[in-house]
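Work through the exercises below with the coordinates open. Try each task before reading its solution.

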Amino acid sequence: MIRNQTAGKSSPRAHARLAWFLLAILGAALPFSFARAAAKEVSALAALQDATANTPKLAGHWLLNKDQSDDVRQKMQAARGDSSGGQGEGGNGAGRGQGGHEGAGRAQRAGMMDELQALTIEQTGSNVKITGKSGRVLAQYPSSDSSSEKNAAPEGEGQRTTTSQWQNGQLVAVTQSPRGKSTRTYSLSPDGKQLYVTTKMENERLKEPVTYRFVYDAAGGGASD
């Protein structure tokens with residue numbers, strides 16, 4: 001009877017062998033897990049460094065070259081099917097059909113056109129901030145709190161928010177408002193001597209999206225007045 005009870009119990013030596021076996025398996029698995037996690041971190045860091053290395057250097061002070069830039073007023077008139085003057089961005093004609101609402105919209109667009117006369121771009125690696133003529137932030141990556149954009153909308157226009165990201169070597173800033181969306185792309189010319197700013201506007205007042213491009217010269221580098 002005593003012999004059967006003893007035979008049914010595991011010996012200390014068997015427990016020890018099982019413990020060593022489990023430790024061996026764990027010891028073999030842990031380095032593999034750590035190595036895999038480390039490889040992922042290295043891969044992510046390499047991707048970040050590669051993205052930073054391939055980010056174009058937009059930094060500097062840029063002045064609008066009017067001769068090489070699109071005429072926004074003509075673009076807006078064509079999109080609206082309006083051949084009369086003064087209705088585009090920066091136009092001075094009286095608003096039609098929507099009264100003060102239309103006038104507020106024109107004032108807002110004229111203000112933006114004035115901001116785009118001169119740009120200042122600060123950049124460290126892929127981090128970038130673009131400000132207009134008055135110092136207003138037009139785009140920033142990584143995107144921060146958009147309170148300045150929200151507060152910039154005229155009364156009755158609702159909140160506007162802007163988010164920015166790098167896409168194929170270009171900084172793309174998308175501004176959303178209750179009335180529509182504008183997508184502004186910042187990129188360098190092939191020779192790197194000029195800045196291209198391409199804007200696509202989509203809103204309820206336009207029959208079709210409007211796309212126009214502004215060309216900038218480096219300040220002091222022969223930009224037009």
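Partly exposed means a relative accessible area between the buried limit, under 20%, and the exposed limit, over 50%. Keep in mind that this model is predicted.

**Exercise 1.** Classify both partners of the salt bridge between Glu-202 and Lys-181 by accessibility.

*Solution.* Start with the pair: the N to O distance is 4.0 Å. Next, place the residues. Glu-202 is in strand E8 and Lys-181 in strand E7, 21 residues apart. Now the areas. Glu-202 has 28%, so it is partly exposed. Lys-181 has 31%, so it is partly exposed.

**Exercise 2.** Find which parts of the chain the Glu-204 to Arg-179 salt bridge links, and classify each partner.

*Solution.* The closest N and O atoms are 3.5 Å apart. Glu-204 sits in the loop between strand E8 (194-203) and strand E9 (210-218), while Arg-179 sits in the loop between E6 and E7. The two are 25 residues apart. Glu-204 is exposed, because its relative accessible area is 57%. Arg-179 counts as buried, because its value is 18%.

**Exercise 3.** Is Ser-187 buried or exposed? Which residues does it contact beyond its neighbours within four places in sequence?

*Solution.* Locate Ser-187 first: strand E7, residues 180-188. Its relative accessible area is 9%, so Ser-187 is buried. Its contacts, with those neighbours left aside, are Leu-58, Gln-170, Gln-194, Leu-195 and Tyr-196.

**Exercise 4.** Where does the cis peptide bond between Tyr-141 and Pro-142 fall?

*Solution.* Check omega: about -5 degrees. Then place Pro-142: the loop between strand E4 (137-141) and helix H5 (147-152).

Notes: Residues numbered from 1 in each chain as written. Predicted model: local features only at pLDDT ≥ 70, side-chain atom pairs only at ≥ 80, totals over all residues. Heavy atoms only, no water. Helix = DSSP H or I, 4+ residues; strand = E, 2+ residues; numbered from the N terminus. Buried < 20%, exposed > 50% of the residue type's maximum accessible area, 1.4 Å probe, protein only. Contact = heavy atoms within 4.5 Å. Salt bridge = Lys/Arg side-chain N within 4 Å of Asp/Glu carboxyl O.
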